[in-house]
Amino acid sequence: MQITDARVIVTCPGRNFVTLKILTEDGVYGLGDATLNGRELAVASYLNDHVIPLIIGRDARRIEDLWQYLYKGAYWRRGPVTMSAIAAVDTALWDIKGKVANLPVYQLLGGASREGVMVYGHANGTDVEDAVKSVAHYLDLGYKAIRVQSGVPGLSSTYGVGRGTMPYEPAEKGAAPENRWSTEAYLNFVPKLFARMRSEFGDEIHLLHDVHHRLTPIEAARAGRSLEPYHLFWLEDPTPGELQQGFRLIRQHTVTPLAVGEVFNTIFDCQQLIQEQLIDYIRTTVVHAGGISHLRKIAALAELHQVRTGSHGATDLSPVCMAAALHFDLSVHNFGVQEYMRHTDETDAVFPHEYGFQDGFMYPGDAPGLGVDIDEDLAAVYAYDPAFLPVNRTLDGTMHSW
Ligand code: GCO
Ligand code: MG
């Protein structure tokens with residue numbers, strides 16, 4: 001079954017998305033997400049200029065072989081642009097395989113390992129009481145797991161505090177916004193935030209928190225230890241992940257579970273973290289870590305070491321990625337939780353999908369393939385609109401991780 005055509009669709013229904021559509025000789029097509037927030041056109045060019053010319057005429061059924069062809073064949077390995085492009089091809093080919101087999105993709109991956117996929121939502125507030133209201137709202141919607149972020153006293157803005165809407169979006173049009181950061185202010189504040197959450201909502205609900213790469217390992221150890229009484233489901237990205245051995249130091253000092261990996265692209269980024277059991281959840285996702293095929297390899301390594309999955313699912317990953325993630329989550333044994341930030345109605349209209357949310361769980365649906373489509377006419381209405389993620393400086397103006 002030859003690949004006869006492939007095209008990259010860039011659209012901005014409120015935010016930018018890059019989608020690869022692969023068409024085959026018998027009329028079946030598949031979709032893959034290729035969105036890399038703030039750097040979208042680099043992946044679009046990588047696909048248009050360097051990948052599509054290579055895949056036309058090849059056999060769409062040979063998913064693994066095509067993956068290796070693009071990975072090994074480029075010579076230049078890894079990195080978010082390359083791996084998002086490979087992911088898009090891989091995801092589209094799984095979609096095609098499911099459609100041809102007349103089966104939902106999760107059935108091709110071994111079938112369902114659970115009834116549904118537990119997801120966590122994003123509660124946030126400008127201050128603690130605002131965050132309390134937001135958590136209450138998510139509880140009303142049925143969520144069993146909720147991430148909590150709040151403004152920090154003394155800081156004008158910080159990561160994860162939205163603009164009052166559920167589909168929180170950090171990227172901004174024009175220039176990158178600048179946040180200010182104080183590690184001391186944050187470390188003093190964060191245990192108070194979670195003490196308040198537990199006193200208000202009790203012990204049952206799963207609470208999560210994202211540090212967003214801002215602490216050194218020893219600072220992260222302090223955060224983890226100070227949060228132990230509030231038994232978080234996980235503490236995410238406590239320190240930047242490049243220095244994998246840095247997590248040893250955190251581990252020595254705290255039993256707060258750790259999650260990392262939304263910016264990782266391959267199994268090599270998390271090999272040591274997993275093999276030394278330095279983390280509890282691996283957050284690599286379909287679009288940024290080489291597609292369903294590569295994510296399954298990461299999950300298999302993680303399973304050996306009692307690490308569970310907790311894939312990234314922010315709004316900058318398109319509904320195509322969300323659908324693929326749900327098939328993966330439903331099938332792998334060592335699934336932990338899936339992040340779910342709701343897309344806007346405009347985005348959902350461009351990407352009609354079978355998946356749905358009910359009472360804190362999500363379900364990919366039983367349509368053949370991934371169960372997600374793209375309305376190309378509607379996508380064409382929304383032209384690409386450059387937007388940038390924020391940057392972050394400490395109070396004295398030094399560049400810090402955002
Ligand atoms: C998360 C992430 C996001 C990222 C965003 C960057 O845990 O959901 O940290 O909020 O910041 O995906 O594009
Ligand atoms: Mg995160």
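Me: What makes a residue count as one that surrounds ligand 1, and which are the closest?

Reply: A residue is near a molecule if one of its heavy atoms lies within 4 Å of it, and 15 residues surround ligand 1, with Y159, H212, E262, D316 and E339 the closest. This is a predicted model, in which local features need pLDDT of at least 70, side-chain atom pairs count only at pLDDT 80 or more, and totals for chains, interfaces and linings use all residues. Side-chain values use heavy atoms, with hydrogens and water left out, while residues are numbered from 1 along each chain as its sequence is written, and chains are lettered from A and ligands numbered from 1 in the order in which they are written.

Me: How do you know which side chains have a polar atom by an oxygen atom of ligand 1?

Reply: A polar contact is a pair of N or O atoms within 3.5 Å. A polar side-chain atom of H212 lies 2.8 Å from an oxygen atom of ligand 1, and the distances are 3.0 Å for H312 and 3.2 Å for R147, so these pairs meet the definition. The protein also covers 95% of the 340 Å² of accessible area that ligand 1 has on its own, by the Shrake-Rupley method with a 1.4 Å probe.

Me: Why is the space taken by ligand 1 called a pocket?

Reply: On a 1 Å grid over the protein atoms alone, a pocket is an open set of points with protein on both sides within 12 Å along at least five of seven lines, whereas in a cavity a 1.4 Å probe fits but cannot get out; lining residues have an atom within 4 Å of a point. The space taken by ligand 1 is the largest pocket, where a molecule sits in a pocket if more than half of its atoms lie within 2 Å of its grid points. About 900 Å³ of space lies in this largest pocket, and of its 34 lining residues, H213, E262, V263, L389 and W402 are the closest to its centre.

Me: What makes you place the largest pocket between two domains?

Reply: Domain 1 (3-104) and domain 2 (108-367) both give residues to its lining, so the largest pocket lies between them.

Me: How many cavities of 30 Å³ or more are found?

Reply: The whole structure has one, with about 90 Å³ of space, and Q149, T158, Y159, Y186 and H209 lie nearest its centre.

Terms used. Polar contact = N/O pair within 3.5 Å; in protein donor to acceptor, adjacent residues only side chain to side chain. Points joined across faces, edges and corners; volume = space filled by probe spheres on them. Domains from an automatic or database assignment.
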